[in-house]
Amino acid sequence: MIEMVRIILDSITKKFDDFIALRNISLKIEDKEFMALLGPSGSGKSTLLYTIAGIYKPTGGRIYFGDRDITDIPPKDRNVGLVFQNWALYPHMKVFDNIAFPLELRKVPRQEITVKVREVARMLHIEDLLDRYPWQLSGGQQQRVAIARALVKEPDVLLLDEPLSNLDALLRIEVRAELKRLQKELGITAIYVTHDQAEALAMADRIAVIREGKILQVGTPDDVYYRPKYRFVGGFLGNPPMNFVDAEVDAENGYLNVYGSRIPVPAQYRELVEKLGIKEVLLGFRPHDAEVLREKREGLAGEVYSFEPLGREQIVTVSVDGAFVKVFAPEGEHFSFGEKVTVELREDRIVLFDKKTEKALEFLV
Ligand code: ATP
């Protein structure tokens, strides 16, 4: 049985010479939790993962597995399973030996190795492939072998660095569902690095959004998707991402002026805008939290710039005084270029950000 651990990162900093790759990162990952580290290329996700693995030593801060301070413990004594982006199987070894390798290193008796390799291979549905060489496998199968190799030594923690990025789009979706299930079945604490927001939303219990070596927000997929702390988070998650338009608060009359239109200050923000006295804001809303209407109603007045059918629905791009917003509309509704429309917003889903700091108003108090 795999021992379960809670991971605590306490003020981790990592410098490469003068370059600061990680800035004061504190994060708790619970037992059996699936935590995604999500951020753009170069944000420090892999550096953080390798610091947890022990491959990098932090410049500052401590790392705990359970109650144990493991900051100074070498990687081989940390009992972590690592799965990389390029699976790096040994080409001259059969699948069996590839999976068995970590146990061979530990001088585990041959008979025990056979039992363990077969067991993990069964879990990953690759028991029929044990006699093949890596080049005789598809990408998806190779990736399973790499995961099997990481799991066979019964690690306390599974660390994955973009493990699906070499797979084609369909296979990615299939394997991500399996991987999510396997992680829960094994009850193993997992940390998963990805730049793919859909993957993070689909798989993780919680997501840590990272930019420029800093954690901007940690939360459930719902938290980061619907209640982004920063404009960056709203804009990084979702496809298409959150829309942002400049708005000016008219607190006295309870309105937001958005270019030539005005809409009531959303109920959830009424007290807050008065309290903060902020004038310049960014109004954020998701493409499925708005509707494109032909009749003139309360909303953002604009005209249809473009429309893209996607099968079940379509994305309509509306020009609102020169700013473009994207809104989902049902299939079969016909739009024409330049048509005058109103974008009606779902009030309770609107997020207002301070224009200067780009932080959501509710996080300013
Ligand atoms: P990607 O998705 O592209 O792998 P990432 O978020 O995982 O990006 P990291 O690989 O952690 O980013 O890199 C973070 C920053 O640290 C980058 O600017 C990178 O150039 C720098 N960096 C990473 N490893 C080293 C190293 N060994 N020496 C110097 N700089 C490094």
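1. Burial and overall dimensions. Buried residues account for 49% of the 365 residues in the protein chain. The model is a predicted one, and its C-alpha trace spans about 75 × 45 × 35 Å along the principal axes. The protein chain contains 9 helices and 20 strands. Among contacts between residues at least 6 apart in sequence, 67% join residues at least 24 apart.

2. The mixed sheet. Six strands form an open sheet in the order S6-S7-S8-S3-S9-S10, with mixed pairing. Strand S6 (80-83) and strand S10 (214-219) are the edge strands, each pairing on one side only. From one strand to the next, the twist averages 15°. Within this sheet, strand S7 (residues 157-161) and strand S8 (residues 189-194) are parallel and share 5 bridges; Asp161 stands opposite Val193 in S8.

3. Helix H5 lies across strand S3 (34-38), S7 and S8, where it runs at about 135° to S3.

4. Gln183 in helix H5. Gln183 belongs to helix H5 (residues 169-186). Is this residue buried or exposed? Gln183 counts as buried because its relative accessibility is 4%, and the limit for burial is under 20%. Its side chain has polar partners: the side chain of Lys184 lies at 3.0 Å in a polar contact, and the backbone oxygen of Ile188 is reached at 2.7 Å. Leaving aside residues up to four places away in sequence, Gln183 touches Lys32, Glu33, Phe34, Ile188 and Ala190.

5. Helix H3 (residues 110-123) has 14 residues and reaches 20 Å from its first C-alpha to its last, close to the 20 Å expected at 1.5 Å a residue. Which of its residues are buried? They include Ile113, Val117, Val120 and Ala121. These residues lie on the same side of H3 because they cover an arc of only 100° around the axis. An α-helix has 3.6 residues a turn, so residues three or four places apart point the same way. On the other side of H3, Gln111 and Val115 are exposed. The cover over the buried residues of H3 includes helix H2 (95-105) and helix H4 (139-151). Just after H3, His125 takes a positive phi of about 60°.

6. Thr51 in helix H1. Thr51 is found in helix H1 (residues 45-53). Thr51 is classed as buried because its relative accessible area is 1%. Not counting residues up to four places away in sequence, Thr51 touches Ile12, Leu22, Tyr56, Pro58, Ile63 and Arg78.

7. The antiparallel sheet. A further open sheet consists of 5 strands in the order S13-S12-S11-S14-S20, with antiparallel pairing. Its edge strands are strand S13 (261-264) and strand S20 (351-354), and each pairs on one side only. The twist averages 40° from one strand to the next. Strand S12 (residues 255-258) and S13 run antiparallel and are joined by 4 bridges; the bridge partner of Val258 in S13 is Ser261.

8. The hairpin of S17 and S18. Strand S17 (residues 313-320) and strand S18 (residues 323-330) run antiparallel, joined by 8 bridges. Thr317 stands opposite Lys326 in S18. Where does the hairpin show a positive phi? Asp321 takes a positive phi near 50° in this hairpin, which has 2 residues between the strands.

9. Gly277 in a loop. Gly277 is placed in the loop between helix H9 (270-276) and strand S14 (280-285). Gly277 is classed as exposed because its relative accessible area is 57%, and the limit for exposure is over 50%. Gly277 and Phe363 are 86 residues apart in sequence, and their C-alpha atoms are 15 Å apart in space.

Definitions and conventions. Residues numbered from 1 in each chain as written. Predicted model: local features only at pLDDT ≥ 70, side-chain atom pairs only at ≥ 80, totals over all residues. Heavy atoms only, no water. Buried < 20%, exposed > 50% of the residue type's maximum accessible area, 1.4 Å probe, protein only. Polar contact = N/O pair within 3.5 Å; in protein donor to acceptor, adjacent residues only side chain to side chain. Contact = heavy atoms within 4.5 Å. Pairing = 2+ DSSP bridges. Axes fitted to C-alpha atoms, helices over the stretch in contact; angles between N-to-C directions. Expected span 1.5 Å × (residues − 1). Arc of directions from axis to C-beta.
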